[in-house]
Amino acid sequence: MSPWRWLLADQVGPHFLDDDAQRVLLVETRALFAHRPLHRQKAHLILSALRHRAAELGDRARLVRADTFREALTALGEPVEVVHPSSRAALAFARTVDGLTVLPPRGFVTDRADFAAWADRRRGQLRMADFYRYARGRHGVLRDLPVPARRPRHRTPAEVPAPPPIVEDHIDAQVRRDLDRWQAEGIRFVGRDAPRRYPATHAEARARLTHFLDHRLPAYADTDGVLGDGLLARSVLSSSFNLGLLDPEPAIRAAERAGRTGAAPPAAVHRFVRGLFGWREFLWQLYWYFEPRYRGAGWLGANRPLPGWFDRLDADAVEARCLADVLAGVRDTGWAHQTARLTVLGNYGLQRGWRPTELADWFRRSFVDGADWVMNATVIGMSQYADLARIDTHPWAFDGAHLDRIGAPCGGCRYVPKETLGDDACPYTGGFEAFLHRNRERLAADPRLAAELAERADPQRRDAVLAQEEKRGDEAP
């Protein structure tokens, strides 16, 4: 008899199985939730996806509730195989279990050996745009769809129908009761509970993807980089891909077809595919290509711990409106779009010198689409610039005036975006200047920041800004 296929919590889509007769093991352990506080909605989504998958598979599946994964595997007492896990810790554990075979990764297009060969030839900094060009040619993606000559200007996207609703069922009701009980027994969560808003089954995720391709993809290029556009033209499918509910390659090919038939403009198709086949694929490959000590990268010497108000998602303690709004969104939904993650959340941590590894862990725990392989390079490299531009070209550091220009909700805020000093000084503007002064030698090679520093050369102003921001410290702004 063939071995059991152990499906991890982020491997619950059909492409992680080989046939309709395969025996499936799913393991649910409280230790996953007791180690560090997860967002309540993330915890619900993980349990709901596991239990829904077990229900779909029926008699083929065995859902085991155990204190640890090792306990569940030992009790099974039969050969087991598992698709390559998505974290180094999980892979290291799998290799210590007798009778457990680790299969090659699934849910990504580029082979790891292929990526390593490409990266080794670079002999220097790795850039997503270079990898994306290589991978598109290697796999024949968007070969017959021309790249737009320039990025489109921002337009207000057209109204589109609401996506298919998520309807909770008896499985979700039991998940909520169990989480309530665990919380009463001492397991801590962050964020607020709410009706499930993200797919927990392949059918739900496929319906959301189909709706996006039919109704939202045509407007996908119109809201690039703008903070205030909400969810109108965003796919919000990241949690479905990262849970393994959706396989990226069919989604990429479906977007290609929309471009060929004229159902979506080339700019929109390229933007969607670039995120899914460019950035997502690039981050996965970097996680395994870089040595484990990459997580210890700290070129800017940032060593301050995350403050409690931020770790707890305490948006009510924050007066800076842009930060309060984004943090409240994370608290209430477990999600924020990438622009807000980089320019509002990550930018503030960068300015304050918070430890990059702690911030990466916070993103993993606080977002429904959070994963080690995503946050490793995204936060430590891109957002916090802790790797000396090994994967990105500049720090994501900006002042309040820049946030105001790109659509941050500055109206009605008690702070003034352009003010650096005084009671009305925006914490992002004062924080940005203090960040420049603290790291002036390290940032001298960056043309944009070197020019910003040249405009702030007055020593008396520098001392005043540094003193002000040191006094502000890590208190909620």
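The legends below accompany several close-up views of this predicted model.

**View 1. Confidence along the chain.** Let us begin with the pLDDT, which averages 87 over the chain, with 90% of the residues scoring at least 70. Residues 226-233 fall below 50, and this stretch makes 33 contacts in the model beyond its near neighbours in sequence.

**View 2. An open sheet of five strands.** Follow the strands in the order S4-S2-S1-S5-S6 and you will find parallel pairing. Strands S4 (61-65) and S6 (100-103) stand at the edges; each has a single partner strand, so one side of each is left without a neighbour in the sheet. On average, neighbouring strands here are turned by 30° against each other, direction ignored.

**View 3. Strands S2 and S4 with helix H2.** Here we move in on strand S2 (residues 24-28), which pairs with S4 in the parallel sense over five bridges. Helix H2 (residues 40-57) lies across S2 and S4, and runs at about 150° to S2.

**View 4. Leu-142 in its loop.** This leucine sits in the loop between helix H6 (128-139) and helix H7 (170-184). Although Leu-142 is not a glycine, its phi is positive, at about 55°. Leu-142 counts as buried because its relative accessibility is 1%, where the cut-off is under 20%.

**View 5. Leu-313 in its loop.** For this view, look between helix H12 (308-311) and helix H13 (321-333), where the loop holds Leu-313. Phi of Leu-313 is near 60°, a positive value in a residue other than glycine. With a relative accessibility of 1%, Leu-313 counts as buried.

Definitions and conventions. Residues are numbered from 1 along each chain as its sequence is written. This is a predicted model: local features need pLDDT of at least 70, side-chain atom pairs count only at pLDDT 80 or more; totals for chains, interfaces and linings use all residues. Side-chain values use heavy atoms; hydrogens and water are left out. Helices (H or I, at least four residues) and strands (E, at least two) are DSSP runs, numbered from the N terminus. Buried means under 20% relative accessible area, exposed over 50%, partly exposed in between (1.4 Å probe, protein chains only). pLDDT is the predictor's confidence in each residue, from 0 to 100. Contact means heavy atoms within 4.5 Å. Two strands pair if DSSP finds at least two bridges between them. Axes are lines fitted to C-alpha atoms, for helices over the stretch in contact, and angles run from 0 to 180 degrees between N-to-C directions.
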